[in-house]
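Reader: I'd like a close look at a single part of this model, down to the side chains. Pick a spot, walk me through the contacts and spell out your cut-offs as you go.

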Amino acid sequence: MPAGPRTPRTAWVDTLPSSTGAAPLPAGNFSDWLRAMRAALAGGPGMDVACGECVGCCTSSYYIKVRAHESDALRHIPPAQLAPAPDEPGTRLMGFDAAGHCPMFGAGGCSIYPHRPETCRTYDCRIFTAAGMEAGPGRTMINERIARWRFEFADEDQRREQRAVQAAARFLRQHPVRFPGGHIPARPSEIAVLAVKSYGVFLDGEPDHATAVTGIVEACRAFDQRAG
Ligand code: SF4
């Protein structure tokens with residue numbers, strides 16, 4: 001979520017068309033980004049995103065997860081703004097107002113920025129560009145941003161990595177994949193995250209359906225175990 005500027009790079013490659021014709025934004029080297037994103041999802045440092053003036057993720061009707069161990073964030077968010085997450089015991093959700101704004105968002109941006117939850121620290125809308133998808137209906141500001149990002153690729157191996165991330169996301173969108181506990185991912189954000197966790201299954205092309213399902217579930221389980 002909104003942070004400091006990044007150094008621009010060259011050799012942009014189109015992924016999604018911008019409906020407004022707004023100028024492209026350099027998203028950085030794809031493989032560098034992919035490794036940083038995976039590290040962030042595994043609990044490492046948050047992502048450094050050149051948000052500029054964009055506040056799309058704080059104003060787009062997102063529920064923000066705040067996990068039990070996030071004592072700093074929990075100290076800075078009024079308890080009345082938090083409700084138990086139905087599918088994750090111990091985790092709480094922060095909702096949004098009638099305009100879709102996070103309750104911690106104000107005229108000056110995030111009012112608890114140094115104490116914001118991990119969900120906000122790891123949020124990086126380039127994940128949708130990487131996965132070749134939008135953030136969902138009604139998320140106009142974010143979708144415009146997604147369409148403007150341009151990754152750079154040093155070689156064919158890096159392009160192959162992005163094709164694999166996109167193939168994983170496409171498979172998850174087109175086929176119901178049931179994860180342990182019975183959950184079938186459907187939200188764009190969780191599909192993009194799962195694609196980043198499991199893209200290795202698609203690096204050598206798309207396997208048959210059963211192999212893809214098993215591979216995705218196993219890759220995500222192994223990723224989360226390593227992270228834990
Ligand atoms: S806590 Fe801060 S960074 Fe996170 S969504 Fe709310 S306003 Fe944005």
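**An aspartate in a loop, then some rings**

Author: Let's start with Asp-208: a polar atom of its side chain lies 3.2 Å from the backbone nitrogen of Ala-210. That side chain also makes a polar contact with the side chain of Thr-211, at 2.9 Å (a pair of N or O atoms within 3.5 Å; within protein, one must be able to donate a hydrogen and the other to accept it, and residues adjacent in sequence count only if both atoms are side-chain atoms). Bear in mind that this is a predicted model, where local features need pLDDT of at least 70 and side-chain atom pairs count only at pLDDT 80 or more, while totals for chains, interfaces and linings use all residues. Numbering runs from 1 along each chain as its sequence is written, and side-chain values use heavy atoms, with hydrogens and water left out.

Where does Asp-208 lie? Asp-208 is in the loop between α7 (188–198) and α8 (209–227); helices (H or I, at least four residues) and strands (E, at least two) are DSSP runs, numbered from the N terminus. With 47% relative accessibility, Asp-208 counts as partly exposed (buried is under 20% relative accessible area, exposed over 50%, partly exposed in between, with a 1.4 Å probe and protein chains only). Asp-224 is 16 residues from Asp-208 in sequence, and the two C-alpha atoms are 24 Å apart in space.

Now for the rings. There are seven aromatic pairs in the structure (rings of Phe, Tyr and Trp, using its six-membered ring, with centres within 6.5 Å; planes under 30 degrees apart are stacked, over 60 edge-to-face, the rest tilted). In one of them, the planes of Phe-30 and Trp-33 meet at 40° with the centres 6.0 Å apart, so this pair is tilted. Both residues sit in helix α1 (residues 30–41), three residues apart, which is about one turn of the helix. Phe-30 and Trp-33 are both buried. Phe-30 also pairs with Phe-153, this time stacked, with 5.6 Å centre to centre and 25° between the planes. That pair links distant parts of the chain: Phe-30 is in helix α1, whereas Phe-153, 123 residues away, is in the loop between β8 (149–152) and α6 (156–174). The relative accessible area of Phe-30 is 0%, and Phe-153 counts as buried at 10% relative accessibility. Put together, Phe-30, Trp-33, Phe-151 and Phe-153 make up one aromatic cluster.
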